Amino acid sequence: MSNYSIDYVNCNLCKVCIEACPFDAIDIVDGKIEMNSACKACGICVKSCPEGLIQPVEDKRKTVDKSLYSDVLVFAEQLEGKIHPVTYELMGKGRELADKINQELHVILLGHDLTDQTEEILAHGADKVYVYNQEPLHHFDVEAYARAFEDCVERTKPTIILIGATSIGRSLAPRISTRFKTGLTADCTILDVRENTDLVQTRPAFGGNIMARILTTRTRPQMATVRYKVMEPAERIENATGEVINFSVDEKELETRSNFVSITKKPEVDSIEEADKIIAVGRGVREEKDLEMIRELADLIGAKIGTTRPLIEKGWTEHQQQIGLSGRSVRPELLITLGVSGSVQFVAGMKSSEHIFAVNTDPEASIFNVAHYGMVGDLYEIVPKLIEKIKNGEQVFEKTAAAV
């Protein structure tokens, strides 16, 4: 649908609007002026038309009363009574957003036997914790969780909802947004808020080649999922003053089509997400056997091996070792990259690391834009020297050859 209405009866095809359009977005089709897909709705054609025959189409979409919604609501994900750490990261960002608009940070907790968990959430700075402590919520059932979550949103009307981009969060969030006919932005890496409470949601798009800023300006609540290890976690505070509010839903409404017969746990996988030290390897590694040299360095400093997608596609490393948008987000104390160019996809998954030490033969490699320290050189020369120095008892990472 065009952004403009045109008075074809009085239009004499003077072509002034065509000449004025900087985007070549106006054509003459079958003897009529028409806007094509290049139209940016900039309004230049409206101003240029000498007869005022081009007018913007009135936007009839409904807009909610934003004043009816307030506060930031964080979903506290828990499994078997253990709060997922992404919750505290969301609370850290949620507190920052709430303070900017002079509102409160609230948390919703769903499950059963949750007393200890509420105390921990309050200790991380929540103003209010809404607890649904009901037997049907003991195990995660997305339909039951969605109904309880819906009840909380209806009661409290938050302006912003933050959910972790975990397997549970990615299953739950779309169901909530659909019930309230509102927007949901997935896998956000940056969040900010405007004075009018509009949430500015930034996430990689088009395979990580651009960063898209998305706003939900007409509906509430605004919803975003955030990946683990992307935001700074909320710090514990002394003498927390938050309030616990117990809510419940009629248990008939929590009945679902699922019936839990038994639960079999997946075998634990060694994850790089919790690692304090990581060595990430990229295309600079020429042969699979050369990874043994990297593993020796990793063993010496107590690090795990991370990787980029090309090495996984070659079958040299496992998918659970991948860092980036399609892999894991990490935030170790020390991240060493060897032969990694620094694509947007990779950087999005590691840029929050405390200390980034990069080695690459190309001085213009993108990885140096995010690294704290770097060395321009061949990893096949540098890594053996690092191994030798460490074996000799030297603290090689306290000082670096070149600061970026």
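The structure is a predicted model, in which local features need pLDDT of at least 70 and side-chain atom pairs count only at pLDDT 80 or more, while totals for chains, interfaces and linings use all residues. Residues are numbered from 1 along each chain as its sequence is written, and side-chain values use heavy atoms, with hydrogens and water left out.

Two cavities of 30 Å³ or more were found in a search of the whole structure. On a 1 Å grid over the protein atoms alone, a cavity is a set of points where a 1.4 Å probe fits but cannot get out, a pocket is an open set with protein on both sides within 12 Å along at least five of seven lines, and lining residues have an atom within 4 Å of a point. Grid points are joined across faces, edges and corners, and a volume is the space filled by probe spheres set on the points. The largest cavity holds about 120 Å³. Its lining consists of 15 residues, with Cys 11, Asn 12, Cys 14, Cys 49 and Leu 53 nearest the centre; eleven of the lining residues are nonpolar, two polar and two charged. The second largest cavity holds about 80 Å³ and is lined by 14 residues, of which Cys 21, Ala 25, Cys 39, Cys 42 and Cys 45 lie nearest its centre.

Of its 41 lining residues, Glu 77, Leu 79, His 84, Ser 167 and Lys 266 lie nearest the centre. The lining divides into 15 nonpolar, 13 polar and 13 charged residues. At least two lining residues come from each of β6 (78–79), β7 (82–83) and α6 (167–179), helices (H or I, at least four residues) and strands (E, at least two) being DSSP runs numbered from the N terminus. The largest share, three residues, is supplied by α6.

Leaving aside residues up to four places away in sequence, Met 91 is in contact (heavy atoms within 4.5 Å) with Val 74, Leu 105, Val 107, Ile 121, His 124, Gly 125, Ala 126 and Ala 234.

Five of the six residues of strand β20 (residues 355–360) are buried, that is, under 20% relative accessible area, with exposed over 50% and partly exposed in between (1.4 Å probe, protein chains only). Strand β20 pairs in the parallel sense with β19 (residues 334–338) over five bridges, pairing requiring at least two bridges found by DSSP. Within this pair, Leu 335 has Ile 356 as its bridge partner. Four bridges join β20 to β21 (residues 373–376), also in parallel, and Val 359 stands opposite Met 375.

Glu 150 belongs to helix α5 (residues 142–156). Its relative accessible area is 15%, so Glu 150 is buried. Beyond residues up to four places away in sequence, Glu 150 touches Ile 176, Arg 179 and Phe 180.

Definitions and conventions:
Nonpolar A, V, L, I, M, F, W, Y, C, P; charged D, E, K, R; others polar.
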